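Here is a short briefing on a protein model and its ligands. Please look over the sequence and the 3D view before reading on.

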Amino acid sequence: MSKTGDPARRARLATPGRDRPGPVVYWMSRDQRVADNWALLHACNLARSRQVPMQVVFTLDPAFPGATRRAWDFLLAGLAEVEADLRGRGLPFHLLLGHPPQTMAQFCKKYKIACLVTDFSPLRHKRAWMAEVAATTGLPVIEVDAHNIVPAWLASPKQEFAARTFRLKLNRILTDWLDEFPSLEPLPATGPLPPPVDWAAVAAAVAGARAVTPVEWLPAGQAAAADRLRRFVAGPLRTYALTRNDPCLDGTSNLSPYLHFGHLSPHRAAQAAGAARVPDESRLAFLEELVVRRELSDNYCLYNQNYDTPAGYPEWAKKTLALHAGDRREHLYDDDAFESARTHDELWNAAQRQMVRTGKMHGYLRMYWAKKILEWSPSVAEAHRIALTLNDRYELDGRDPNGYVGVAWSLGGVHDRPWGQRPVFGTIRFMSFGGCKGKFRVAEFIARWPA
Ligand code: FAD
Ligand code: FO1
């Protein structure tokens with residue numbers, strides 16, 4: 001039985017400020033859950049030790065970059081569950097609509113907040129929000145990494161160039177960080193609870209988002225996430241190593257939307273996989289993705305400001321792609337042709353339709369899908385833009401460090417190495433239709449996603 005973890009170990013002072021007695025706020029953003037949430041646990045500990053109230057706040061930005069009806073539908077359903085769970089524990093939850101730095105600064109003034117805790121995200125929009133709130137309020141901003149098992153800034157002090165080096169660093173300290181979550185104890189009376197959130201008004205505020213149909217097959221929220229983890233560990237995990245790369249099988253966990261919106265703690269998922277009675281080969285293959293690959297994505301976005309453009313690629317990749325920039329493209333497609341799955345390649349079109357219709361393309365095909373966009377676009381910059389735009393518009397798990405790295409790995413060799421020389425790609429790893437046919441039943445997958 002591992003020891004009970006201390007949330008303070010996962011906290012750091014993101015921006016210094018005048019520390020004074022007074023209420024604490026947990027500014028929830030990435031980790032939208034009550035269960036297994038180190039940031040919430042840390043905010044409660046601070047409030048308890050200071051004998052002051054603690055408020056939970058989610059600042060909803062209706063103009064959030066790239067958010068579609070599909071994403072809002074999932075996010076709001078999860079937050080409604082968070083509100084109900086907190087109210088049941090006598091903890092106040094507020095949903096503020098508007099530009100987050102402004103709405104948060106106004107909240108801090110109104111409730112005389114003295115200490116601001118938020119969950120860690122390496123993405124620039126969240127870091128800009130934090131800087132703006134710190135500047136306008138003068139408050140110290142504490143960030144807690146509730147998303148990674150090893151806090152990103154402790155896992156490595158710099159950008160890692162390969163999974164191998166990062167895996168070595170993580171595996172050396174992982175057992176020390178895979179500790180138990182303390183239970184969420186009640187706080188001394190935190191005063192009257194705010195009126196319940198008017199979720200219909202919130203839904204109306206985001207009604208203008210791009211109408212990408214909500215997802216029916218995956219219920220949102222922390223309870224559904226925990227249930228799906230339980231069923232995955234009891235079932236498909238056993239053969240994960242054998243089935244995870246076959247798009248005709250449902251052999252992966254489908255946890256990524258829950259991890260992206262923070263409805264599930266990856267820490268909890270790793271504990272469950274670690275304790276499962278399954279062959280080590282599958283356990284380790286799953287932990288490699290869930291821990292090493294996922295936390296490597298945060299490392300890339302934290303330390304590389306150009307995480308969403310070709311400027312972030314390693315030098316060898318920039319060179320080889322520049323050398324082949326003028327190569328003739330056998331096929332060329334524009335945004336509309338890609339988006340409406342009108343290319344000459346029926347496998348690529350089927351993968352695109354799977355993503356548009358379900359909000360989740362199979363992981364193996366995401367690599368093929370992105371690499372073909374590179375092959376059929378006039379430049380790598382155009383390809384990168386189109387791949388990210390479509391990924392973040394249709395993937396339920398989009399707008400995430402894993403997506404930025406997934407595209408940068410596919411097009412720009414991030415965390416990969418040079419391979420054999422080819423037109424357009426140079427030494428960037430290539431994937432072919434024929435190669436896919438050797439891996440899985442391509443015709444069956446195409447038949448599953450007809451035009
Ligand atoms: P499982 O195989 O069950 O893996 C479990 C968890 O491990 C996933 O939920 C995810 O958190 C993590 N994981 C798995 N594969 C990877 C990987 N290659 N890199 C980092 N973490 C991984 N993932 C996203 O979460 N959002 C995205 O927008 C996204 N876009 C991608 C775009 C491209 C071009 C590529 C090549 C990959 C992308 N990925 C993205 C990574 C990966 O494809 C998905 O995380 C995975 O398919 C999610 O399905 P799952 O939860 O069933 O995966
Ligand atoms: N986080 C917020 O704090 N406020 C939002 O309005 C918000 C909207 C949003 C829409 C889609 C989506 O995929 C994520 C969203 N998030 C929002 C979550 C937040 O962006 C996460 O911290 C990052 O996406 C991951 O780092």
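The points below cover the domains, then each ligand site.

This is a predicted model: local features need pLDDT of at least 70, side-chain atom pairs count only at pLDDT 80 or more, and totals for chains, interfaces and linings use all residues. Residues are numbered from 1 along each chain as its sequence is written, chains are lettered from A and ligands numbered from 1 in the order in which they are written, and side-chain values use heavy atoms, with hydrogens and water left out.

**Domains**

- The protein splits into domain 1 (1-147), domain 2 (148-179 + 222-303) and domain 3 (310-448); such bounds come from an automatic or database domain assignment.
- Domain 1 and domain 3 have C-alpha centres 36 Å apart.
- Their contact takes 11 residues from domain 1 and 11 residues from domain 3, where contact means heavy atoms within 4.5 Å.
- About 770 Å² is buried between domain 1 and domain 3, and carbon and sulfur atoms give 64% of that. Buried area is the accessible area (1.4 Å probe) that two parts lose on being put together, summed over both.
- On the domain 1 side, T68, R70 and L123 lose the most area to domain 3, together 58% of what that side buries.

**Ligand 1**

- The shell holds 26 residues, with Y240, T252, S253, N254 and D397 coming nearest. A shell residue has a heavy atom within 4 Å of the ligand.
- By class, this shell has 8 nonpolar, 12 polar and 6 charged residues. Nonpolar means Ala, Val, Leu, Ile, Met, Phe, Trp, Tyr, Cys and Pro; charged means Asp, Glu, Lys and Arg; the others, Gly among them, are polar.
- Domain 2 and domain 3 each supply at least three shell residues.
- Helices α10 (256-260), α12 (280-303), α16 (363-375) and α18 (401-412) each give at least two. Helices are DSSP runs (H or I, at least four residues), numbered from the N terminus.
- α12 gives the most, with 6 residues.
- Polar side-chain atoms of Y240 and S253 each lie 2.6 Å from an oxygen atom of ligand 1. A polar contact here is a pair of N or O atoms within 3.5 Å.
- A polar backbone atom of S256 is 3.0 Å from a ligand 1 oxygen atom.
- The protein covers 91% of the 840 Å² of accessible area that ligand 1 has on its own, by the Shrake-Rupley method with a 1.4 Å probe.

**Ligand 2**

- Ligand 2 is surrounded by 19 residues; S29, D61, S121, H260 and R399 are the closest.
- A polar backbone atom of T59 is 2.9 Å from a nitrogen atom of ligand 2.
- A backbone N or O atom of D61 lies 2.8 Å from a ligand 2 oxygen atom.
- The side chain of H125 places an N or O atom 3.2 Å from an oxygen atom of ligand 2.
- The protein covers 100% of the 510 Å² of accessible area that ligand 2 has on its own.

Key
Polar contact = N/O pair within 3.5 Å; in protein donor to acceptor, adjacent residues only side chain to side chain.
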